[in-house]
Amino acid sequence: MRCGFCLPACPTFKETGFEPESPRGRIALMKAVADGIMTPDKAFEDQMNHCLGCRACEPACPAGVQYGQLIEQARDAIEDHTDSHRWWVKIARNVAFKKVFPHQNRMRWIGASLSFYQKSGVRRLVHGAGIMKLFPSHMREMETILPEASSKGVIEKIGTFVPAKGTPIARVGMFRGCIMDVLFTQTNVNTVKLLSEAGFEVVIPETQNCCGALHAHSGEMDLARGLARSNIRAFKDAGVDYIASNAGGCGALLVEYDHLLHDDPEWADGGEWFAKRVKDVSQLIVEKGRIPHFADAAAAANALQSGTKAPSCGKDGSSCGTTRITYQDSCHLRNVMKSSTAPRQLMKSVADIEFVELKESDRCCGSAGIYNLTQPEMANQILDHKMEHVKKTDAHYLLTSNPGCLLQMKLGVERHGQSGKMEAVHIVDFLYERISGEGKDGSVKK
Ligand code: SF4
Ligand code: SF4
């Protein structure tokens with residue numbers, strides 16, 4: 001079928017109107033290479049790399065074409081045959097994919113170094129000396145919105161087990177992620193506490209690894225499979241009923257470990273065992289847990305006191321006391337994990353909150369893993385269109401469910417002069433603050 005129903009769903013086609021930048025066009029190119037009509041040259045490689053991997057084309061396709069699997073195979077084949085990487089790209093890929101991401105202790109070391117850079121005054125010196133000007137503008141912008149890194153991960157902060165509040169419903173294994181546990185440690189801590197409040201006992205297996213998503217999306221399928229095997233072993237040993245993810249990008253690969261390992265006779269069953277237990281934290285709470293009582297009164301009062309985000313709704317700027325929130329879907333959470341109603345249900349269950357639906361919230365924000373670093377022009381174009389819709393919501397909080405989307409949204413808020421009026425926050429942090437009264441840093445708000 002070449003019906004083209006997927007075209008309007010594709011962000012890169014929407015931006016360019018160019019057939020090779022559409023799912024149908026990319027599939028035609030892949031087929032031409034597979035049939036030997038075309039050689040996989042640099043132009044082919046570029047076209048595959050322009051794809052965000054957002055998979056918005058999948059739910060739009062009436063024939064059920066599994067585009068995500070096709071693009072991963074195409075990228076894997078490119079990596080097997082390419083000699084176009086420059087020497088320093090080869091070294092960087094080798095170090096990142098083999099020496100850093102798979103080793104959480106090394107990620108921890110990076111977290112400690114970044115934390116030192118941010119807190120010790122080195123960052124001020126670097127900025128003062130104009131060193132940042134040597135970097136491309138998109139990297140400079142990204143550096144300004146990086147959250148505070150941590151040398152301690154979720155296990156160092158709360159241990160490997162947290163009991164359920166009340167009678168336990170099930171035993172949940174928390175997937176902590178690699179970057180997530182360095183840059184968003186408090187979100188990981190809040191995820192565990194939120195799950196406990198919802199009636200789950202939570203275990204955090206120490207031997208778990210990076211999910212392998214960055215490897216799989218970059219054509220390093222063998223490395224991704226190795227990480228999958230190690231995660232299956234860790235969570236099986238922990239005897240969990242479910243596996244909770246708080247990052248759409250990781251969850252989307254975790255939920256496809258069955259496909260990733262389907263050709264491996266030794267691990268295919270393990271892949272299936274793992275995949276059917278994976279759920280996003282919102283999905284898990286809504287489908288299996290006890291939804292805690294969320295209320296915004298204390299948070300709204302706190303925001304008014306701190307003066308940073310005093311909600312105002314009148315045209316004259318008068319305070320109406322109601323916090324307005326909106327939500328940007330994580331593409332992988334929505335299109336692969338099929339979770340778009342659960343986060344909305346939780347947000348709408350918060351008392352004293354006005355939820356405003358964001359136009360085209362199902363359209364990618366341009367983050368897409370490291371796409372905003374490798375394809376900054378297209379990523380910024382997509383982000384700028386996104387922010388036009390975001391501004392119209394007049395929301396105080398812009399929530400999302402994936403660290404990459406969160407950083408991209410923070411960047412959008414800065415680029416579009418919205419800081420001070422609006423804050424981009426992970427949905428877990430927002431919800432947890434509304435049951436506990438604790439701040440994101442763990443301090444208790446008055
Ligand atoms: S994954 Fe996203 S960017 Fe890539 S072809 Fe599909 S809709 Fe377009
Ligand atoms: S991928 Fe699906 S929606 Fe797109 S052209 Fe092919 S059959 Fe139609």
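This is a predicted model: local features need pLDDT of at least 70, side-chain atom pairs count only at pLDDT 80 or more; totals for chains, interfaces and linings use all residues.
Residues are numbered from 1 along each chain as its sequence is written, while chains are lettered from A and ligands numbered from 1 in the order in which they are written.

Q: Why is α24 called largely enclosed by the rest of the structure?
A: A residue is buried if 20 or more other C-beta atoms, placed from the backbone, lie within 10 Å of its own. Eleven of the 13 residues of α24 are buried, so the helix is largely enclosed; among them are Pro403, Cys405, Leu407 and Val413.

Q: What makes the span of helix α24 (residues 403–415) close to the one expected?
A: The expected span is 1.5 Å times one less than the number of residues. With 13 residues, α24 reaches 18 Å from its first C-alpha to its last, close to the 18 Å expected.

Q: Which residues of α14 and α17 meet?
A: Contact requires C-beta atoms, placed from the backbone, to lie within 7 Å, and Ala228, Ile232, Phe235 and Lys236 in α14 meet Gly270, Gly271, Trp273 and Phe274 in α17.

Q: Which residues are the closest to ligand 2?
A: A residue is near a molecule if its C-beta atom, placed from the backbone, lies within 6 Å of it. Of the 13 residues that surround ligand 2, the closest are Met1, Cys3, Cys6, Arg24 and Cys61, and helix α2 (residues 23–34) gives the most to the shell, with three residues.

Terms used
Helices (H or I, at least four residues) and strands (E, at least two) are DSSP runs, numbered from the N terminus. Two residues are in contact if their C-beta atoms, placed from the backbone, lie within 7 Å. A residue is buried if 20 or more other C-beta atoms lie within 10 Å of its own, exposed if 12 or fewer, and partly exposed in between; C-beta atoms are placed from the backbone.
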